[in-house]
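Have a look at the model first, then read on.

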Amino acid sequence: MNQARSLRIYNTLTGKKEIFEPIVPGHVGMYVCGPTVYNDAHLGNCRTYVSFDVIHRYFRLLDYKVRYVRNITDVGHLTDDGEDRMAKGSKLAQLEPMEVAQRYTVGFHEMMRILNTLPPSIEPRATGHIPEQIEMVQDILDRGYAYEKNGSVYFNVPKFAAENPGTYGSVSGRILEDLYAETRELKSQDEKEHPADFAIWMKGRPQDLMLWKSPWSVGFPGWHLECSAMSTKYLGKTFDIHGGGNDLKFPHHENEVAQNFGSCGCAPAKLWMHANMLLLNNKKMSKSDGNTISPAELFTGTSQHTSKAYSPMVVRFFMLMAHYRSTLDITDEALLAAEKGFKKLMETNKILQSLPVDSKAFDGSENDHDRAILELIEEAYKGMDDDFNTAIAIASLNEIGSYVHKIANQQLPADAIAPWVLEKMKSTFETFIFNIFGLKDDSAESGDDGTIDGLMSLILDIRNHARTQKDWTTSDKIRDTLSELGIQVKDGKEGVSWGKA
Ligand code: AMP
Ligand code: ZN
């Protein structure tokens, strides 16, 4: 595989799919906004990172040297009430902000590992890049696009927009006048000259826990600034791709572009890619609204929204069944269908890999089956080339799979397919399933051979019997020991279920 394949990627800036042309041939620089580590990642966050993981993997498969930068936000991301999320998290838990950051960074890495995502090449932390951010604030001030007020520094949106037509609003597609109208009200305590202006440096307040010295005040950087500073540091002033979830287009990405332009006069990324939202009950999955399922709940079957536990690879496959730019609604039926689809794909691959390749019996001619299969293989790659359409690639593999089952069921003679085509089918399945989709066979891990299920059912029967006898010592011992082993038991309307945390 090589870069000869022509990749088309949807660019939010132009609203069109564009042929991908890297700035440096053979190399890809990609920045994706990482998590704010003040609580556990929810499944929506995971979907965005799984989407970019597949994109990362496909670039690598095409032999690009990828520098994938995904940051950790550990300062500056404020709540709607103006409180730093990290500080809020640490006050609630009575921990140092860095303890909070560490706890949830470790948890995030664990979740990324469970979902089999490859680590980024660089994972910079906002708190580790304060000098770079201070330097950028100074550059923006020097170029006249920011002003200082009482120790805080604000980006001057109207001035920047007037002097750089077509720039502010280019990511979110927002019309400047609408934006100004939306933010018409200037709060009385606001120091901003215009409601659309935003802080790039904030003077510390008594309640702020993480503070640094700067030429303007002891304070902390604005949230948007870290991504501008860290993408520039590791990928250069202009790089290939900037990504994130759809919900970050405004204000985060819009302000990033303004800061980069404002500090150096050039655009940060040539291409902006946005992954669409994971929905629950047809609404964006979001922690602040309580509309969420945690990955652990899904893997253990303890969510009120699902009837059973789903393995991490089923969840990953579920995410890949939709294109990354489509919304995806998580429902029990959809997960059941994904489980069926995932098992079928893995099973088909096992059968395919066991089919013998008999080159001697081959008469050298290509037939209709061969041509159809080669066409389907090409379709799978074309799906990926067309803005990373995993849904099309999965559909093509399933169609190839029907040939595999026909041979296995002797509806087609084994020599109906040319040996070299069969070899190609085998390598295509392995490449797509493991390298591109990043799936793995987790049936052994989940005890799918039935032994663990059988033992668990026996233990839960004993527990149930103990409970009906009011033998709390036995039932508590079973619950506590299972919990020590990381097994959670859920008593639901439909009976007792269990899962591994
Ligand atoms: P945050 O930690 O809130 O900054 O979010 C981390 C990433 O998850 C960002 O790229 C968000 O756009 C993305 N994200 C948040 N909610 C969802 C969702 N429901 N579906 C998909 N991605 C999401
Ligand atoms: Zn960002």
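A charge sits over a ring if NZ of Lys or CZ of Arg is within 6 Å of the ring centre and within 35 degrees of the ring normal. This is a predicted model, where local features need pLDDT of at least 70, side-chain atom pairs count only at pLDDT 80 or more, and totals for chains, interfaces and linings use all residues. Residues are numbered from 1 along each chain as its sequence is written, chains are lettered from A and ligands numbered from 1 in the order in which they are written, and side-chain values use heavy atoms, without hydrogens and water.

**Charges over rings**
- Phenylalanine 250 has arginine 174 over its face, 4.2 Å from the ring centre.
- Tyrosine 403 has the charged end of lysine 406 over its ring, at 5.6 Å from the centre.

**Aromatic pairs**
- Rings of Phe, Tyr and Trp (its six-membered ring) pair if their centres lie within 6.5 Å; planes under 30 degrees apart count as stacked, over 60 as edge-to-face and the rest as tilted.
- The whole structure holds 15 aromatic pairs.
- One of them joins phenylalanine 155 and phenylalanine 160 edge-to-face, with 5.3 Å centre to centre and 70 degrees between the planes.
- Phenylalanine 317 and phenylalanine 342 form a tilted pair, because their ring centres are 6.0 Å apart and their planes at 50 degrees.
- Phenylalanine 317 is in helix H10 (residues 312-320) and phenylalanine 342 in helix H11 (residues 332-354), so this pair ties together parts 25 residues apart in sequence; helices (H or I, at least four residues) are DSSP runs, numbered from the N terminus.
- Ring pairs also link Phe20, Tyr58, Phe59, Tyr64 and Phe388 into a cluster.

**Burial**
- Buried means under 20% relative accessible area (1.4 Å probe, protein chains only).
- Phenylalanine 155 counts as buried because its relative accessibility is 0%.
- Phenylalanine 317 and phenylalanine 342 are both buried.

How values were computed:
Buried means under 20% relative accessible area, exposed over 50%, partly exposed in between (1.4 Å probe, protein chains only). Helices (H or I, at least four residues) and strands (E, at least two) are DSSP runs, numbered from the N terminus.
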